[in-house]
Amino acid sequence: MDDFETGETMPSLSTGRAGTCGALPFLIRRDGTWLYRGSPIRRKPMVCLFASTLRRDAQGGYRLQTPVEQGTIEVEDAPFVANHLEWHGCGRGQVLSFRTNVDQVICAGPDHPIRCAWDVPCEGCGTGPVPYLHVRDGDGALPIEARIARPVYYELAALAVEGSCRGVPCLGVWSRHVFFPLSALPDET
C-alpha cells in the first residue's frame, strides 16, 4: 500500500510492523455482540469495519490491526456467529452457504471446513457438540472461526446423512464434495 502524497510505502497488514497499543477495551461475546468499554456497539457498519481488521495470532489470541497500529482484544468463544444457512443441491455436490453476524457469506468446503467435536462424549451437558466454521486463516495454525448458531445447527442436523470419519460411523453433512461429521450415530439399543 502506498501513500500517494509522499511516495512512501505504508506497512502492510502482514508485515507485523504496526505499532502496538496493548490491550484495547473491546470484548466479543459468545453471541457475537461486540462491546467497547462494556457497551454494545449498535452500529453494524462499525462492527463490520472492526471485524475486517481482526487477526488471530499463532497462540490463539485476537487483535485488531490496521496498517499503523494494533491492539489485543478479548473474545469469549469465536469472534463471529454463523446465524443463517442456505443450501443448494444434494449429496456430495451439495453446497452449504452460511451468513455471519457481520454479513459475510462463507461456503463450507475444503477451504472453509466445519469443525465439530462430534466424537467427544457429551452425556449430561445437554447441548451436544458445538460446531464452528472456518472464516479465514489466522497468523498461525489457528483459524478465525464463526460459531454455528444453535438454530443453524438444527438445520444442519436435518440435512445430516450417515457417513464415516477416520473409520468411525457418524452423522454429518456434505458441502463441496467434503464430508463434515456432526455427531456420533445414535445407539440403536
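The side chains of arginine 115 and glutamate 145 meet in a salt bridge at 2.8 Å, N to O, the term meaning a side-chain nitrogen of Lys or Arg within 4 Å of a carboxyl oxygen of Asp or Glu. This pair links distant parts of the chain, with arginine 115 in strand β10 (residues 114-116) and glutamate 145 in strand β12 (residues 144-148), 30 residues apart; helices (H or I, at least four residues) and strands (E, at least two) are DSSP runs, numbered from the N terminus. Arginine 115 counts as partly exposed at 44% relative accessibility, whereas glutamate 145, at 9%, counts as buried (buried is under 20% relative accessible area, exposed over 50%, partly exposed in between, with a 1.4 Å probe and protein chains only).

## Basis of the values

This is a predicted model, in which local features need pLDDT of at least 70 and side-chain atom pairs count only at pLDDT 80 or more, while totals for chains, interfaces and linings use all residues. Residues are numbered from 1 along each chain as its sequence is written, and side-chain values use heavy atoms, with hydrogens and water left out.

## Pairs that involve loops

The structure holds five salt bridges. In one of them, aspartate 103 pairs with lysine 44, the closest N and O atoms being 3.2 Å apart. Aspartate 103 lies in the loop between β8 (95-100) and β9 (105-107) and lysine 44 in helix α1 (residues 44-52), so the pair ties together parts 59 residues apart in sequence.

Aspartate 77 forms a salt bridge with arginine 30, with the closest N and O atoms 3.7 Å apart.
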